[in-house]
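Subject: The structure we talked about

Hi there,

Here is the structure I promised to send over. Please open it next to this message, and then read on for what turned up in it.

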Amino acid sequence: MAHRLTPRNGAVIVAGVLLVAGCAEPAPPSLDGPAIVESLAASVVPAAPEVVSDVACPEPVPEVVAQTLVCTARLGDEAITIDVTVDEAGLGAVRVREPLFDLTGTATEVADRLEADLGSRPEVACPGEVVVLRPGTVVDCTATLDGRPLGLAVEILDDDGRFGVAIRP
(Lines give C-alpha, C1' and ligand atoms only; values in the text may rest on other atoms or scores of the structure.)
Protein backbone atom coordinates (compact mmCIF):
# COMPACT_ATOMS: atom_id res chain seq x y z
CA MET A 1 0.00 0.00 0.00
CA ALA A 2 1.47 3.36 -1.01
CA HIS A 3 1.44 6.33 1.31
CA ARG A 4 0.38 9.61 -0.08
CA LEU A 5 1.42 12.93 1.29
CA THR A 6 -1.75 14.59 2.45
CA PRO A 7 -1.94 18.02 4.00
CA ARG A 8 -2.36 16.45 7.43
CA ASN A 9 0.73 14.16 7.44
CA GLY A 10 2.72 16.76 5.46
CA ALA A 11 2.18 19.28 8.24
CA VAL A 12 3.48 16.75 10.79
CA ILE A 13 6.66 16.21 8.72
CA VAL A 14 7.28 19.97 8.39
CA ALA A 15 6.66 20.50 12.11
CA GLY A 16 9.04 17.62 12.91
CA VAL A 17 11.78 19.14 10.72
CA LEU A 18 11.32 22.54 12.37
CA LEU A 19 11.44 20.97 15.83
CA VAL A 20 14.67 19.08 15.07
CA ALA A 21 16.22 22.18 13.47
CA GLY A 22 15.38 24.22 16.56
CA CYS A 23 17.22 21.72 18.80
CA ALA A 24 20.38 21.60 16.68
CA GLU A 25 23.71 22.85 18.03
CA PRO A 26 24.20 26.59 17.51
CA ALA A 27 26.37 27.52 14.56
CA PRO A 28 30.03 28.12 15.42
CA PRO A 29 31.01 31.76 15.77
CA SER A 30 31.87 33.45 12.51
CA LEU A 31 35.56 34.38 12.51
CA ASP A 32 36.48 37.71 10.96
CA GLY A 33 39.35 37.00 8.53
CA PRO A 34 40.25 40.66 7.80
CA ALA A 35 40.30 41.45 11.53
CA ILE A 36 42.65 38.51 12.17
CA VAL A 37 45.01 39.68 9.40
CA GLU A 38 44.85 43.28 10.67
CA SER A 39 45.67 42.36 14.27
CA LEU A 40 48.38 39.82 13.43
CA ALA A 41 51.20 42.37 12.99
CA ALA A 42 50.58 43.73 16.49
CA SER A 43 50.74 40.20 17.86
CA VAL A 44 54.10 39.50 16.20
CA VAL A 45 55.82 42.79 17.16
CA PRO A 46 53.61 44.61 19.68
CA ALA A 47 55.94 47.60 20.08
CA ALA A 48 56.27 48.20 16.31
CA PRO A 49 53.59 46.44 14.26
CA GLU A 50 54.49 48.61 11.27
CA VAL A 51 57.64 46.50 10.69
CA VAL A 52 55.41 43.54 9.77
CA SER A 53 53.95 43.82 6.27
CA ASP A 54 52.22 41.80 3.57
CA VAL A 55 50.27 39.67 6.06
CA ALA A 56 48.28 36.96 4.28
CA CYS A 57 46.12 34.19 5.70
CA PRO A 58 44.11 31.55 3.85
CA GLU A 59 40.67 32.59 2.64
CA PRO A 60 38.13 31.94 3.83
CA VAL A 61 39.20 31.74 7.45
CA PRO A 62 37.96 28.40 8.75
CA GLU A 63 35.06 28.75 11.16
CA VAL A 64 36.44 26.10 13.48
CA VAL A 65 37.60 27.36 16.85
CA ALA A 66 40.99 25.99 17.96
CA GLN A 67 42.07 25.33 14.37
CA THR A 68 45.54 26.55 13.38
CA LEU A 69 45.95 28.78 10.34
CA VAL A 70 49.29 29.14 8.61
CA CYS A 71 49.79 32.76 7.60
CA THR A 72 52.71 34.51 5.95
CA ALA A 73 54.16 38.00 6.29
CA ARG A 74 57.32 40.02 5.81
CA LEU A 75 59.52 41.30 8.60
CA GLY A 76 61.74 43.83 6.89
CA ASP A 77 63.16 41.99 3.87
CA GLU A 78 62.56 38.52 5.33
CA ALA A 79 59.58 36.27 4.73
CA ILE A 80 58.15 34.77 7.93
CA THR A 81 55.58 32.07 8.63
CA ILE A 82 53.09 32.53 11.44
CA ASP A 83 50.97 29.81 13.06
CA VAL A 84 47.73 31.29 14.37
CA THR A 85 45.32 29.31 16.53
CA VAL A 86 41.91 30.96 16.40
CA ASP A 87 39.50 31.21 19.30
CA GLU A 88 36.03 32.70 19.74
CA ALA A 89 37.46 36.22 19.72
CA GLY A 90 39.43 35.58 16.53
CA LEU A 91 43.12 35.57 17.40
CA GLY A 92 44.34 33.04 19.94
CA ALA A 93 47.93 31.82 20.16
CA VAL A 94 50.39 33.34 17.67
CA ARG A 95 53.78 31.73 16.99
CA VAL A 96 56.38 32.87 14.47
CA ARG A 97 58.22 29.83 13.13
CA GLU A 98 61.46 31.70 12.50
CA PRO A 99 63.43 32.76 15.59
CA LEU A 100 63.53 36.53 16.09
CA PHE A 101 66.44 38.68 17.28
CA ASP A 102 65.50 41.45 19.73
CA LEU A 103 67.17 44.70 18.60
CA THR A 104 65.88 46.74 21.53
CA GLY A 105 67.47 44.43 24.08
CA THR A 106 70.60 44.22 21.95
CA ALA A 107 70.96 48.02 21.92
CA THR A 108 70.92 47.97 25.74
CA GLU A 109 73.57 45.20 25.82
CA VAL A 110 75.74 47.10 23.31
CA ALA A 111 75.52 50.21 25.50
CA ASP A 112 76.59 48.09 28.50
CA ARG A 113 79.59 46.70 26.61
CA LEU A 114 80.68 50.11 25.33
CA GLU A 115 80.33 51.64 28.80
CA ALA A 116 82.59 48.91 30.21
CA ASP A 117 85.15 49.50 27.45
CA LEU A 118 85.01 53.29 27.18
CA GLY A 119 84.12 54.32 30.74
CA SER A 120 81.11 56.36 29.61
CA ARG A 121 77.62 55.12 28.69
CA PRO A 122 76.49 55.91 25.15
CA GLU A 123 72.94 56.07 23.82
CA VAL A 124 72.55 53.21 21.33
CA ALA A 125 69.80 52.94 18.72
CA CYS A 126 69.19 50.15 16.21
CA PRO A 127 66.57 50.36 13.45
CA GLY A 128 63.38 48.44 14.15
CA GLU A 129 62.46 46.25 17.08
CA VAL A 130 63.34 42.78 15.78
CA VAL A 131 64.90 41.00 12.81
CA VAL A 132 64.84 37.36 11.83
CA LEU A 133 67.70 35.63 13.66
CA ARG A 134 70.10 34.50 10.93
CA PRO A 135 73.82 34.09 11.61
CA GLY A 136 75.79 36.53 9.48
CA THR A 137 73.09 39.22 9.48
CA VAL A 138 74.61 42.65 10.14
CA VAL A 139 72.49 45.45 11.57
CA ASP A 140 73.70 49.05 11.39
CA CYS A 141 73.20 50.77 14.72
CA THR A 142 74.28 54.17 16.02
CA ALA A 143 75.84 55.09 19.33
CA THR A 144 76.02 58.66 20.61
CA LEU A 145 78.83 59.27 23.08
CA ASP A 146 79.54 62.74 24.45
CA GLY A 147 77.47 64.22 21.62
CA ARG A 148 79.44 62.41 18.91
CA PRO A 149 77.77 59.76 16.73
CA LEU A 150 79.51 56.43 16.23
CA GLY A 151 78.47 53.96 13.55
CA LEU A 152 78.18 50.40 14.83
CA ALA A 153 77.90 47.08 13.03
CA VAL A 154 76.08 44.47 15.11
CA GLU A 155 76.56 41.01 13.61
CA ILE A 156 74.49 37.99 14.63
CA LEU A 157 77.06 35.24 15.20
CA ASP A 158 75.01 32.09 15.79
CA ASP A 159 71.56 30.55 16.20
CA ASP A 160 71.67 31.24 19.95
CA GLY A 161 71.60 35.00 19.33
CA ARG A 162 75.16 35.78 20.32
CA PHE A 163 76.40 38.89 18.55
CA GLY A 164 79.55 40.88 17.92
CA VAL A 165 79.91 44.67 17.75
CA ALA A 166 82.34 46.66 15.64
CA ILE A 167 82.73 50.43 15.51
CA ARG A 168 82.56 51.60 11.92
CA PRO A 169 85.18 54.11 10.75
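A quick word on terms before the findings: a strand here is a DSSP run of at least two residues marked E, and strands are numbered from the N terminus. For accessibility, buried means under 20% relative accessible area, exposed means over 50%, and partly exposed is what lies in between. Please also keep in mind that this is a predicted model.

With that in hand, take a look at strand β8, residues 138-145. One face of β8 is covered and carries V139, C141, A143 and L145.

The overall picture

The protein chain has three helices and ten strands. Read from the N terminus, the order is α-α-β-β-β-β-β-α-β-β-β-β-β. Of the 169 residues in the chain, 30% are buried. Among contacts with a separation of 6 or more, 38% are between residues 24 or more positions apart.

The strands around β8

β8 has pairing partners that include β6 and β9. Strand β6 (residues 123-125) is joined to β8 by three bridges, and the two run antiparallel. In this pairing A125 is opposite T142. β8 also pairs with β9 in the antiparallel sense, this time over eight bridges. Here V138 faces E155 of β9, and T142 stands opposite G151.

G151 belongs to strand β9, which covers residues 148-156. With a relative accessible area of 29%, G151 is partly exposed, because that value falls between the 20% and 50% cut-offs. The C-alpha atoms of G151 and V124 are 9.8 Å apart, and 27 residues separate the two along the chain.

β9 pairs with strand β10 (residues 163-167) as well, in the antiparallel sense and over five bridges. One of the bridge partners here is I167 in β10, which goes with L152. The hairpin of β9 and β10 has six residues between the strands, and G161 takes a positive phi near 90° in it.

An aromatic pair and a charge

How many aromatic pairs does the structure hold? There is one. The pair consists of F101 and F163, with ring centres 6.1 Å apart and planes at 80°, so it counts as edge-to-face. F101 lies in strand β5 (residues 100-102) and F163 in strand β10, so the pair ties together parts that are 62 residues apart in sequence. Both residues are buried: F101 has a relative accessibility of 4%, and F163 has a relative accessible area of 7%. F163 has a charged neighbour too, as the charged end of R113 sits over its ring, 4.2 Å from the centre.

T81 in strand β3

T81 is placed in strand β3, which spans residues 78-87. Is T81 buried or exposed? At 18% relative accessibility T81 counts as buried, because the cut-off is under 20%. Leaving out residues up to four places away in sequence, T81 touches V70, C71, R95, V96, R97 and E98.

The largest pocket

Finally, the largest pocket has a volume of about 180 Å³. Its lining is made up of 14 residues, and L75, G76, D77, V131 and V132 are the ones nearest its centre. Strand β7 (residues 130-132) gives the largest share of the lining, three residues.

Notes: Residues numbered from 1 in each chain as written. Predicted model: local features only at pLDDT ≥ 70, side-chain atom pairs only at ≥ 80, totals over all residues. Heavy atoms only, no water. Helix = DSSP H or I, 4+ residues; strand = E, 2+ residues; numbered from the N terminus. Buried < 20%, exposed > 50% of the residue type's maximum accessible area, 1.4 Å probe, protein only. Contact = heavy atoms within 4.5 Å. Pairing = 2+ DSSP bridges. Phe/Tyr/Trp six-rings, centres within 6.5 Å; stacked < 30°, edge-to-face > 60°. Lys NZ or Arg CZ within 6 Å of the ring centre and 35° of its normal. 1 Å grid on protein atoms, 1.4 Å probe; cavity = no way out; pocket = protein on both sides within 12 Å on 5 of 7 lines; lining within 4 Å. Points joined across faces, edges and corners; volume = space filled by probe spheres on them.
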